[in-house]
Amino acid sequence: MLKPIFTFLAASLLLVGTASAETVKLALIDPLTGPMAAAGQPAFEHLKYEAKRINANGGLNGQDLEIVGLDNKVNPQESLVQLQKAIDDGVRYVTQGNGSSVASALISAIEKHNQRNPGEEVLYLNYAAVDPAFTNERCSYWHFRFDANADMKMNALTDHIAANDDIKKVYLINQDYSFGQAVSKAAREMLKEKRPDIEIVGNDFHPLAKVKDFTPYVSKIQSSGADAVITGNWGQDVTLLVKAAAEFGLEAPFFTYYGASSGVVTQLGDKGVDRIYQINEYYGEFEDPEMAKRQTELYEQAEWDFYYLRLSTMLDMLKKSADQAKSTDPVDVAKAMEGMKLETTTGEVVMRAEDHQIQLPMFISVMKDDMEYGAEGTDYNFKKVARIDREAVSLPTTCRMRRPK
Amino acid sequence: MNDITAVAPRQNRFSWRALSPWLISAAVLLILPFVLDSGTAFTLMNVIAVNIVFALSYNMLLGQGGMLSFGHAVFFGLGSYAAMHAMNAIDEASYAGEGFWAHIPVVSMPLVGMIAGGLVALVIGWPFCRRAGTAFAMITLGLGEMVAAAGQMFPSVFGGEAGIYGNRMVGPQWFGLELAQAADVYWFMAFWTFLAVFAMWAFTRTPLGRMSNAVRDNADRLQFIGYPPRNIRFMIFIASGSFGGLAGGMAAVNYEIITPESLGLIPSGLALLMAAVGGLGVFYGPIVGAIVVSLMNSMLSDYTEASILYVGLVFLAIVMFAPRGLGGGIEHVRVAAREGTLGKRLPGWLTGAVAVVLISLGLVLLIELLFQWRHGDDEFAQFFGLNFVAESVMSWVWALILFGAGVAVMRVTKKFREDNA
């Protein structure tokens, strides 16, 4: 009964044993199969594409970067198994983005691993898990976040709304779980502070990923007379919400966090034009020829759009840190990465040393038709509406970083 | 149940034969850590240990009591939450150096999970147990969804999306077990798994365990002879919930984090999957199922993008063609060996096995080629040492040949198997 398991284990150990010492491995622990694969696969393709560029430019301190994909099915427990597999495989750099539950598990597991195994430290580069706690009360020296956290995004978004005098009434609709509740709370607090005259005419929570028809919610929004809607919805919850609004004839624009994530443009089509706005570190115009080249090449190679500018930033910063430290050891790299500045296509970004939260300019963009570089093979993409400077996006932190001696 | 006078055979005599499975498994558990030498292997063993207890506790309901539940993860998850809160209490109390929790070792966390799981079942179980069958399945489905939704809505208890986390290296240490590495945790897992499996096996030998089979087979008759089925179901429900909570407590120590999704439908489905793949009718079936399904979950996705599809296909194939599961197959062989008919029946079984292997190879190749054709490169198609590419017609022909050969072997040897059955 146990024999096949032994051979299975032995086979997997052999696979682990063949790891080459020449390359630096970065493991992506994200959903790569199953229903959530559409969230992990684009990041995987981005990373593989960007790693080629990094390696063509000399790699990390002369060593090649290799991307390893590990499937976690967005399950925190499974992610820890995959993390252990990665560590045994000689991986010292881990990246992940989908799900704050997984990020929470990885942060606490890596913190403990580094404490219990000195000399085998692992660094966690977070590209999309946006729970503000990770760079505030739960901040960790081994965690670096390359995406703006949820509060920073709301800070930028409310700056934009506050500057628009036509908006007098705002409606909030969010998914009923910790992230949606945090978005709603941040929106209320920040709007109250920046524009006390704005009235919050509704604050709805709906079940997560369960609503098929948003028409009742949309008719509530309509009758409240809202000038704008703010939502942190992602996945089908944002697509179906905006679709229902378009079919109902609701004119109010939707300010979203994840309006440009994969699949939304294709499913919304004309219904999203001028209706769906998003806050992100980039947009879909690609006026920089280098970025246009990356968009074209990535789409040709993997049929994914160049959505994650932050993954480029992340690898560029990893390279710069390794080159500066003249080492690929995570301890040296982490030290070099603290406070690092990097010039990107959107301006200078800084990895703040206090809390390991990247500071970067953000953009509000709106979905338009007839764009030069259409998303997902369509003619639609997101056009820049406003840029919010790095200083304006930034928020103070409560982090008291515990640094290793 | 046809013979009313039948009484469960009692084995008062000490017998090495009855004891041997336990001695062998204890020996295997003791030897394993000296064979394994990578952190991954230990991590996988620990996951398997948790899943073994979880699957067995589920089988108390489904296999032994005939109650199909879609909400078993509620007990697992709540047990895990209780253990995690207790672990954090130990952490705080040992900083302060005083209080009740400062004297409790983390090693005992599965007991906390067990008490929590049992209490939850005790409080909510009574109305559920009036009926088995569809009504019970529907109610547990609702319960699972309700608790999972509540888990997301009350961040103070469940920690919101990020869950709650703790540190197992706190409080008094027992037996010098530091619980730092997966290899240390292995001893903790081995101890509790052995104990829990033994306890669950012992449960099947108690009068209540026997009655649970009776309530599964014919609840009406049980009512006539004076045992209210509802009471019996309720007691099984509590026992099963307790052991589910115990598995949760083991998981809390292993992962040091618990998130609300552990309460939901997916982990409940996992319990059903493991129990069914392993076989509901044999005591050790869910153990086999837990091992196979855990390995498939964690390892298969390294080789193929279609990993989830394979897990589904295995489940489907077993439910359709081998309803007694993998454990049922092992039991077949064991019984044949004991009755001395193995020599006669083995050739027939081997022809069947050859057919099954051929059909599966053909199917796997077909699926991999489809994935390759649809999604671009997928390395699994090079797995057999040969290079199969979707562009070449020969690859597809090979897949069909393998599949066809399997079906042919199955057909041709059908009579041979039946004659030697």
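Biologist: Which residue in E8(A) stands opposite Leu172(A)?

Modeller: This is a predicted model, in which local features need pLDDT of at least 70, side-chain atom pairs count only at pLDDT 80 or more, and totals for chains, interfaces and linings use all residues. Residues are numbered from 1 along each chain as its sequence is written, chains are lettered from A and ligands numbered from 1 in the order in which they are written, and side-chain values use heavy atoms, without hydrogens and water. Strands (E, at least two residues) and helices (H or I, at least four) are DSSP runs numbered from the N terminus, and two strands pair if DSSP finds at least two bridges between them. E6(A) and strand E8 (residues 228–231) of chain A pair in the parallel sense over three bridges, and the residue opposite Leu172(A) is Ile230(A).

Biologist: Why is strand E6 of chain A largely enclosed by the rest of the structure?

Modeller: Buried means under 20% relative accessible area with a 1.4 Å probe and protein chains only; over 50% is exposed, and partly exposed lies in between. Strand E6 (residues 169–175) of chain A is largely enclosed because, of its seven residues, the number buried is six.

Biologist: What handedness does the β-α-β unit of E6(A), helix H6 and E7(A) have?

Modeller: E6(A) pairs with strand E7 (residues 199–206) of chain A in the parallel sense over seven bridges, and Val170(A) stands opposite Ile200(A) there. A crossover is right-handed if, with the strands pointing away from the viewer, the path from the first strand over the helix to the second runs clockwise. With helix H6 (residues 178–194) of chain A between these strands, the unit is right-handed.

Biologist: Which strands are at the edges of the seven-strand open sheet?

Modeller: The order in chain A is E7-E6-E8-E9-E10-E14-E15, with mixed pairing. An edge strand pairs on one side only, which here gives E7 and strand E15 (381–388) of chain A.
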